[in-house]
Amino acid sequence: MENNDVQSPLSSLDKDGFIPLYYQIQQVLIEQIQTGKLLVGDCLPSEYELARSYQVSRMTARQALHNLKSRGYALSQKGRGTYVTRPKLEKNIMYLRGFTEDMKQRGMMPSSRLLAQTVLSAKGVLTEQLRVEEGSAILQLRRLRIADGTPMALEESNIPLKHYPGLERTDFTSESLYKVLRNKYGVRAAWADEVLEASPATLEESELLSIPKNAIMLSISRVIMRTDEIPIEAACSRYYGNRYRASIRVPTTTIE
Ligand code: 16G
């Protein structure tokens, strides 16, 4: 697929320097996306076009396109070629931020579609995670989390009601869970145990998130604790792998 709109300033590549050529091409394309010269949905030059216009090997061009795709800037589709997509949101899992706050910090408008808000009796693994007795009341929320109109994640939250009486009467179509816990119950989060996993989307997830069947999901399960070591929430957040990636700064004092 020919694409003549993309500038290919040959002179911009430093062919004798230390920076790999694929990386330089990738950065030129990213800059064009970030400055709006290339818009979401626009076709990127093919491997062949890039190789020809930058006078590099096809392998170098392929690497540049591959990196754009793995960083969430592009997608390839049969018959459509490689096109620009919205970059992945990077979730810094070091912060115990709620979805609403996280999206607001990025300048995005958060919203939710409440799929279920039920009170159930704790059993099995939930009793262990939330450190409550069998049969103890749990508020379960299932929400589709949306940012700027795009569905981002499906979340299930389980909160032990014995510590937060009346929480079940909150209208979670519009309220932020963490804001209510903080403002109404004075909860302060201290730490969380998190497990990250990749798995295919279920049929329900692919429909709700408007993503392909079996798309790869980034699943984050976590139990978040108060400063007094009482569990606040056992949750599972499922993000579409093409819209999200997780990052972490590993604190260490030695390299082993
Ligand atoms: C985040 C949490 C989720 C929590 C939600 C509260 C992760 C992986 N998940 O998405 O457990 O229920 O925030 O958001 O961080 P809210 O305050 O907007 O309701």
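## The ligand's spot

Let's start inside: the ligand takes up the space of the largest cavity. A cavity here is a set of points, on a 1 Å grid over the protein atoms alone, where a 1.4 Å probe fits but cannot get out. A molecule sits in a cavity if more than half of its atoms lie within 2 Å of the cavity's grid points.

Keep in mind that this is a predicted model, where local features need pLDDT of at least 70, side-chain atom pairs count only at pLDDT 80 or more, and totals for chains, interfaces and linings use all residues. Residues are numbered from 1 along each chain as its sequence is written, and side-chain values use heavy atoms, with hydrogens and water left out.

## Who surrounds the ligand

There are 17 residues around the ligand, and T100, E155, S176, L177 and E233 come nearest. To count as near, a residue needs a heavy atom within 4 Å of the molecule. Sorted by class, this shell has six nonpolar, five polar and six charged residues. In that sorting, Ala, Val, Leu, Ile, Met, Phe, Trp, Tyr, Cys and Pro are nonpolar, Asp, Glu, Lys and Arg are charged, and the others, Gly among them, are polar.

Which element gives the largest share of the shell? That's strand 9, with four residues. Strand 9 covers 231-240, and other elements giving two or more residues include helix 4 (99-105) and helix 6 (177-185). Helices (H or I, at least four residues) and strands (E, at least two) are DSSP runs, numbered from the N terminus.

## Polar contacts and cover

Now for the polar contacts, meaning pairs of N or O atoms within 3.5 Å. A side-chain N or O atom of T100 is 2.4 Å from an oxygen atom of the ligand. The side chain of S176 also has an N or O atom 2.7 Å from a ligand oxygen, while S237 puts a polar side-chain atom 3.0 Å from a ligand nitrogen. On its own the ligand exposes 460 Å², and the protein buries 99% of that. These areas come from the Shrake-Rupley method with a 1.4 Å probe.

## Two loop residues

Most residues other than glycine have a negative phi. R131, in the loop between helix 5 (125-130) and strand 5, has a positive phi near 50°. D148 sits in the loop between strand 5 and strand 6, and its phi is positive too, about 50°.

Conventions:
A polar contact is a pair of N or O atoms within 3.5 Å; within protein, one must be able to donate a hydrogen and the other to accept it, and residues adjacent in sequence count only if both atoms are side-chain atoms. On a 1 Å grid over the protein atoms alone, a cavity is a set of points where a 1.4 Å probe fits but cannot get out, and a pocket is an open set with protein on both sides within 12 Å along at least five of seven lines; lining residues have an atom within 4 Å of a point.
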